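Today I'm looking up strand pairing first, then salt bridges.

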Amino acid sequence: MAETFKLEFETRTLFGKKVNRLRREGILPATVYGKNIGPFAVQINGRTFSDLVRKSGKTGLIEVSIPGQPVRTALVHAVQRHPVSREFIHADLLIVDLKTAITVDVPVHLIGESPVVKNEGAVLNHTLSTVSVHALPTEIPSHIEVDVSVLDSLDKNILVSDIKLPGEATIVTAADEVVASVTPATVETAPSDEAPAEPELVREDRGADAE
């Protein structure tokens with residue numbers, strides 16, 4: 001079951017280019033909305049938001065408090081980052097109905113160790129970092145663990161169809177997509193100790209009468 005977090009927002013009165021003033025003061029502009037609800041222009045301390053998202057990700061339920069509104073439950077729907085500093089510069093939070101199933105991208109974490117990687121130096125390929133999960137908001141996992149110890153030969157891989165979720169949650173990502181696989185290690189050609197052959201000199205035959 002997804003863990004629940006809490007955020008208290010303030011109403012935002014600055015918009016457009018003026019929100020840069022907020023960012024310079026360490027305040028993050030955000031928007032909260034849902035089906036037939038909002039949108040609400042809000043703001044929050046940037047560090048407070050960053051610390052929470054580090055824990056909640058995009059699957060953690062957040063109890064959102066907005067002045068003049070009842071407390072509602074939301075998910076982090078989207079974030080924008082500064083291209084250089086990578087700090088958050090805007091956030092969108094989606095209000096959800098706890099009784100209605102939604103689809104969310106859930107991170108895939110690889111656990112264990114592949115025998116062919118350990119013993120033969122093969123390369124582990126993590127080809128699918130998230131899968132789309134359809135479930136009630138309270139049943140969305142924070143992440144999905146996939147054990148790669150089953151990859152004991154180069155002809156094996158792990159597909160989405162191999163992942164099993166508890167409860168009523170279902171994966172809507174295509175079942176035949178590869179989550180993880182192993183490939184042989186690249187063999188580097190050792191440099192040769194032999195000296196390169198000297199090029200043969202080609203002499204021009206100028207004939208017997210040539211001086």
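I started with strands β8 (residues 102-111) and β10 (residues 130-135): they run antiparallel, and six bridges join them. Strands here are DSSP runs of E with at least two residues, helices are runs of H or I with at least four, and both are numbered from the N terminus. Two strands count as paired if DSSP finds at least two bridges between them. I also checked what V104 faces, and found V133 of β10 opposite.

Note on the source: this is a predicted model, where local features need pLDDT of at least 70 and side-chain atom pairs pLDDT 80 or more, while totals for chains, interfaces and linings use all residues. Residues are numbered from 1 along each chain as its sequence is written, and side-chain values use heavy atoms, without hydrogens and water.

Next I looked up the whole sheet. It is open, has four strands in the order β11-β8-β10-β13, and its pairing is mixed. At the edges I found β11 (144-147) and β13 (170-171), each pairing on one side only.

How many salt bridges does a search of the whole structure find? I got two, counting a side-chain nitrogen of Lys or Arg within 4 Å of a carboxyl oxygen of Asp or Glu.

One links D51 to R54, with the closest N and O atoms 3.0 Å apart. Both sit in helix α2 (residues 46-56), three residues apart, about one turn of the helix. R54 is exposed at 64% relative accessibility, while D51 is partly exposed at 34%. (Buried is under 20%, exposed over 50%, partly exposed in between, using a 1.4 Å probe and protein chains only.)

K156 bridges to D152, the closest N and O atoms being 2.8 Å apart. K156 is partly exposed at 38%, and D152 is partly exposed at 42%.
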